[in-house]
Amino acid sequence: MDTLDAKLLSELFIAGADALDAKKEYVNDLNVFPVPDGDTGTNMTMTIQSAAKEVKSISRISMETVCKAISTGSLRGARGNSGVILSQLLRGFTKVVKEYDTITPSVCAEAFEKAVETAYKAVMKPKEGTILTVARAGADMASFLGDTDIDITTFMETVIEHMRDVLNQTPDMLPVLKEAGVVDSGGEGLLVILEGAYAKLTSVMPKPDGAVKPDVTAVKKGSYAPKKSSDSAKKAAPAPKKKERKVYQPAKPKSDISTSDIKFGYCTEFIIILEQEFDDRNEEELKIFLEAIGDSIVVVADDEIVKVHVHTNMPGIALQKALTYGSLSKIKIDNMREEHEEMLALEKEKAEAEKASVETADVETTEVVEEAEVVETKKEFSKPAGFITVSAGAGLSEIFAGIGADVIIEGGQTMNPSTEDMLNAIDNIDAEVIYIMPNNSNIILTAEQAALLTEDKQVIVIPSKSIPQGIMALINYMPNRSVEDNQKIMTEEMKNVKTGSVTYSVRDTVINGREIKQGDIMGIADSEIVNTGAQVMSVVAELADHMIDDDSELVTLYYGDSTTEDEAELIASKIGNAHPDIEVEVHYGGQPVYYYYLSVE
């Protein structure tokens, strides 16, 4: 029976990456939404090419070094949801393969199963009819073939054929695919990679003479359709509540918080370097133990380490429990009561210094004193919190900077940032807790992956799906709240914003019964195309009409780099005339591709 060694695995992987690079535009064209975004093919290509670059740089090839390069390169280079899922598939696959010197069909079957398990865990709400379904089909067939007497070439051929068959079923699983007349783009991208690797394999290791595929009819082809929930399980949506107008007040001074209000006094962080198996049961056991002695608990397990954060009055007990799983590293225990007292003293000292400087010095001298104080504070104290946001456009970035963003990552619809972009931003902020606003549904998984890979800081991903949601989330951060309360309130408040956008169609398609032609101007409300037309101004006004309801009080237009302030003001006047009780604001966004973003509160 033929097998794959590390050298051949690296060659197959690079061949698969190059195959996707050659066909990425074809994969892009399978996207249902005809918007000019950074699409699935592009995101998956940049993800796997990041890993291929790592593989090509290996000086001493072994199964362990190849697997590490594939896993690390794809994790750090992952872009978009499809890229993150691909990186998790590769991570799971290499986690098994690295333990072997050569790969047989049985080893490959085990690795396929681990790949699918890892990818499904990475997605909060897995949807069937996607790349996940196609990957699971491959794992099912691989598992079926793993114990048979089959050569590796025939094994790969049979697995790929079954995956292709299931990919062709995806339009029956997702009606939006059937309406658009396409298969799932992520599943196609995965198959392009495998087919590229298979082509390389057959050039090096042709199928043996007389090799036949086993009978695979036992693998059910109809088992991939999503399960339908029963009608009895469906609940009527609650009636919408009348929303009060939000007035954003400055945060209360930290002096309003009493030290006696701190229930658990020690912020305890450490990393467990695992010396035994740490499965889901162990993880749950550790969380339950920590909940018994504290709060603000974060437990994140990776292949070889577990990151732990807990507020407790018994840090020693927490460390003793952790030692039952392995050795400890990067232990950090802070007395939060002492820190709070020091912070109050510093605030008092600073307030007195500012008062004295105002009374005795001119403006220029005051500025110098304040600047010196800031520098000294940064050297001695870390920031309690930092903020990362994703933005495209000079105007939008200026808005985010003005409301407190520390690092603004350039990206969004037209180019999804990578996990490494997120990690670099996290490294550049000197804060214990960092909040990330991805501002795009296709960047949330990337941010979550960066949070998982961060060892020395607590990273909170606020799942904002649009620029207006990100702005609302950041505005609602208050330094006198706990991390948990800020996360909850920021997430809840951003949902009170309706988001719209206006762009153009890059292809002919049909979505929700609406026929769309290339070049049509489209109005999109919360990821649904609600109107189309030939003129930008009329489409924007009609979209605003669609989004405004009886509870709406404020509409904000952010105009892009291909429109003008005069045009935006004309549209604002038209909206204001149609809705005299609504306040309409106009801001320069400078975003590419999208003529306007709309926010309705």
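The following dialogue discusses how to read several features of a predicted model.

Reader: Which conventions apply here?

Author: This is a predicted model, in which local features need pLDDT of at least 70 and side-chain atom pairs count only at pLDDT 80 or more, while totals for chains, interfaces and linings use all residues. Residues are numbered from 1 along each chain as its sequence is written, and side-chain values use heavy atoms, with hydrogens and water left out.

Reader: In what order do the 6 strands of the open sheet lie?

Author: Helices (H or I, at least four residues) and strands (E, at least two) are DSSP runs, numbered from the N terminus. Two strands pair if DSSP finds at least two bridges between them. Here the order is β13-β12-β9-β16-β14-β15, with mixed pairing. At the edges stand β13 (528-533) and β15 (583-588), each of which pairs on one side only. From one strand to the next, the twist averages 20°; axes are lines fitted to C-alpha atoms, for helices over the stretch in contact, and angles run from 0 to 180 degrees between N-to-C directions.

Reader: In which sense do β14 and β16 pair?

Author: Strands β14 (residues 554-559) and β16 (residues 596-600) are antiparallel, paired over 5 bridges. Thr-556 has Ser-599 of β16 as its bridge partner.

Reader: Which strands does helix α15 touch?

Author: Contact means heavy atoms within 4.5 Å. Helix α15 (residues 394-402) packs on the sheet and touches β14, β15 and β16, its direction making about 110° with that of β15. Helix α18 (residues 467-475) lies across β9 (498-504), β14 and β16, at about 45° to β16.

Reader: Is Glu-188 buried or exposed?

Author: Buried means under 20% relative accessible area, exposed over 50%, and partly exposed in between (1.4 Å probe, protein chains only). Glu-188 counts as buried because its relative accessibility is 2%. This residue belongs to helix α10 (residues 185-204). Not counting residues up to four places away in sequence, Glu-188 touches Tyr-26, Val-27, Leu-30, Arg-164, Leu-167 and Val-183.

Reader: How many disulfides does a search of the whole structure find?

Author: A disulfide is a covalent bond between the sulfur atoms of two cysteines. The criterion is a pair of cysteine sulfur atoms within 2.5 Å, and the search finds 0. Cys-67 is buried, at 2% relative accessible area, and Cys-108 is buried at 7%.

Reader: Against which helices do the buried residues of α5 pack?

Author: An α-helix has 3.6 residues a turn, so residues three or four places apart point the same way. The buried residues of α5 (residues 105-122) include Cys-108, Ala-111, Phe-112 and Ala-115. They pack against α4 (80-97), α6 (131-145) and α7 (152-167).

Conventions:
Expected span 1.5 Å × (residues − 1).
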